[in-house]
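Good morning, colleagues. Please look at the model on the screen while I take you through two parts of it.

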Amino acid sequence: MDDNTIIFQPAPARPAPSNRVGPRAWLRANLFGGWKDTVVTLILLAILALTLPGLVDWMFVRATFFGDADNCRQAGGACWPFIVDKFNVLMMGVYPQELGWRPAVCAIALIVLAALTYTNRVRGIVLIVAWAILPVFALFMIGGAFGMREVDQSLWGGLMLSIMLALVGVIVSIPLGVLLALGRYYGPPVVKSLCVAFIELLRGVPLITILFMASVMMPLFLPPDLVINNLLRIQIAMILFSAAYMAEVVRGGLQAIPAGQTEAALALGVSRARTIAFIVVPQALRHVLPPLVGRCIALFKDTSLVIIVGLLDFLGMIKNASLDTTWLGFQAEAYVFAAFVYWLICYSLSLYGRELERRGPSAQKR
Amino acid sequence: MHKIMKLGTIAATAMVAAGAVSAGTLEKVREAGELACGVSEGVPGFSNPNSDGVWVGLDADFCRAVAAAVLGDANAVRYVPLASKQKVLAVSSGQVDMTSRTTTWTMKRDSAEGVDFTAVVYYDGQGFMVSAEAGINSAKEMDGATVCVTTGTTTELNLADFGRANNLSLEPVVFEGKREAVDAYALGRCDALTTDMSQLAAFRTSFADPSAHKILPEVISKEPLAPLVAHGDNQWKDIVTWVVYGIITAEELGVTQANVADMAANSADPSVQRMLGSSGDTGGFIGLSSTWMLDAISAVGNYGEIYERNLTETLGLERGLNAQWKDGGILYAMPIR
């Protein structure tokens with residue numbers, strides 16, 4: 001190679017113009033892009049300036065972190081020892097506390113499985129089986145099986161109960177919802193009208209009414225020897241309610257699959273059942289992932305309604321805790337804590353939903 | 001929808017009432033080895049789980065007393081929290097053996113709804129709380145006052161009745177829930193707060209400075225709270241009724257949780273001997289063992305002790321109407337003999 005060869009050297013890139021980078025540009029792009037943005041930003045800043053100092057003052061500055069109810073009343077701020085003292089009952093209600101390790105084991109199992117699912121370590125059939133087994137395992141652990149002391153379901157409560165109601169509700173109602181949607185979309189006329197009737201009936205009635213019927217009215221119509229306990233009745237009511245909504249969500253997905261796909265599959269000699277099971281449903285579910293996750297979150301939040309039928313779920317225990325005679329007057333702390341826990345769980349769920357959308361094959365198509 | 005449900009409820013209740021269910025609650029409880037006792041979902045001083053997840057309060061203690069008298073074990077209770085709408089149906093349909101949950105004894109409930117009341121465990125009544133600074137000493141001085149009250153309750157009606165009867169112009173400020181009414185009062189939106197006396201006391205202790213608020217002496221309504229049992233099982237009704245009377249009588253006779261064993265062995269008072277089973281067999285009258293009251297009092301103490309533990313120490317509630325008849329109250333238990 002000749003020494004005189006000049007190798008092309010591109011000039012070093014010049015820095016971006018100063019109005020494109022740096023904090024000023026960021027402020028401009030995000031907060032003060034035009035007069036409308038500026039007005040909104042200023043209004044929001046004003047609201048923050050009005051509320052935040054008071055909130056910080058209450059939550060941290062004047063708050064009590066150690067001590068008892070009297071310390072709290074003197075300090076005047078938030079009373080966090082109240083939450084610490086009540087933590088056990090908030091988590092598991094009036095469940096015998098010496099057996100508290102049993103729900104704890106279930107909680108750990110749930111967290112581990114959730115983490116494995118989120119990081120995509122388990123998938124496919126293993127994933128489905130694991131999630132189907134988890135509630136059964138929890139039922140045996142918490143209720144007492146394998147020779148452990150039996151704990152009656154009237155003692156289950158707190159966050160444990162909320163999560164169980166939601167988890168079982170979601171796991172059972174999704175397949176049920178898919179079946180209902182298929183029945184409504186593909187079924188013969190009789191099945192179709194039954195499915196429509198079920199879905200529209202359940203969707204046309206508020207959840208509170210369904211819970212109330214299940215809890216109060218149902219025992220009157222059942223024969224006296226047939227005793228279904230209150231919790232199970234409520235669980236079934238929630239599953240049916242949720243399934244009706246899930247079915248409508250799934251139907252939306254079914255409608256989005258072009259008819260050409262079914263026709264092509266049938267023309268190739270794939271049976272109708274296989275076409276639906278392996279071609280239509282998987283795609284349909286993928287399409288409706290965001291609203292499906294939304295329904296799961298909604299179901300979890302709906303569990304807080306069970307207080308009207310005397311089940312002491314998380315929110316019920318929150319209310320109860322603030323009525324304890326030693327800790328009267330700290331309901332604000334209790335509800336702040338409840339809001340935080342609900343937010344934590346719902347936000348995790350929606351993060352997972354977003355992750356699924358990102359990961360799914362539909363993302364590549366777009 | 002609401003109307004339809006209401007109709008359904010009435011029809012269902014009528015069915016149950018006509019069927020006169022659940023003879024043999026005693027056998028059912030013995031067979032199950034536990035008492036299913038309906039309690040409220042949380043009323044301070046009456047029934048509420050404490051930080052250890054144990055139900056405490058006056059109502060919870062009466063569940064314990066009945067369980068001790070019937071089964072000999074005060075811990076053999078399954079507490080079933082019942083919402084207000086559920087309580088009557090839960091009893092009449094046999095989901096619970098009894099309730100002990102701040103339920104006012106009214107004619108309609110006692111007759112038309114298929115349940116029976118037993119004996120009053122607490123005489124409550126609607127009262128008023130005002131700021132101590134206002135210098136008001138009687139509810140009759142409240143002319144022109146604004147009063148925080150919960151909507152749709154008898155509380156609201158009682159307030160209107162009281163104003164009309166005493167020629168006072170009281171302006172109700174109506175709230176959806178009790179808590180909202182209390183918070184509004186605490187923020188000074190009304191001059192007075194009205195609800196049941198026991199609840200007023202509970203709310204007062206929750207204020208930053210309880211001494212800045214005063215509960216007025218007037219009680220403007222009758223709220224006798226009593227345990228419920230299903231209609232039609234007379235033996236079971238007798239059991240619950242007489243356990244309550246026994247607990248009240250124990251205070252009258254000076255029998256306490258601490259001295260009950262000693263009294264049973266050594267007391268020369270025939271009333272005490274009869275009650276504790278050292279002479280005669282009062283338990284046999286209602287199908288229980290002769291040590292029924294011995295077991296119950298050993299477990300929860302007498303009425304005074306229950307009251308002191310749950311209402312006076314924690315909420316600072318005076319005995320008031322709930323003092324023994326000899327001490328100026330109206331607590332008057334029927335004689336056990």
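Predicted model: local features only at pLDDT ≥ 70, side-chain atom pairs only at ≥ 80, totals over all residues.

Let us begin with chain B, where five strands form an open sheet of mixed pairing. The strand order is β10-β9-β11-β8-β12. At the edges lie β10, residues 171-175, and β12, residues 213-215, each of which pairs on one side only. From one strand to the next, the twist averages 30°.

Consider next how β12(B) is attached. Strand β8 of chain B, residues 126-131, runs antiparallel to β12(B), and three bridges join the two. Within this pairing, Ser131(B) has His213(B) as its bridge partner.

Two helices of chain B also meet this sheet. Helix α8, residues 197-206, packs on the sheet and touches β8, β11 and β12 of chain B. The direction of α8(B) makes about 125° with that of β11(B). Helix α6 of chain B, residues 154-165, lies across β8, β9, β10 and β11 of that chain. Relative to β9(B), helix α6(B) runs at about 150°.

I turn now to chain A. Its helix α6, residues 124-143, has 20 residues and spans 29 Å from first C-alpha to last, close to the 28 Å expected at 1.5 Å a residue. Which residues of α6(A) are buried? They are Ala138(A), Met141(A) and Ile142(A). The buried residues of α6(A) pack against α5 (101-118) and α7 (158-186) of chain A. Just after α6(A) comes Gly144(A), with a positive phi of about 95°.

Thank you for your attention.

Notes. Residues numbered from 1 in each chain as written. Chains lettered and ligands numbered in written order. Pairing = 2+ DSSP bridges. Helix = DSSP H or I, 4+ residues; strand = E, 2+ residues; numbered from the N terminus. Axes fitted to C-alpha atoms, helices over the stretch in contact; angles between N-to-C directions. Contact = placed C-beta atoms within 7 Å. Expected span 1.5 Å × (residues − 1). Buried ≥ 20, exposed ≤ 12 C-beta atoms within 10 Å, placed from the backbone.
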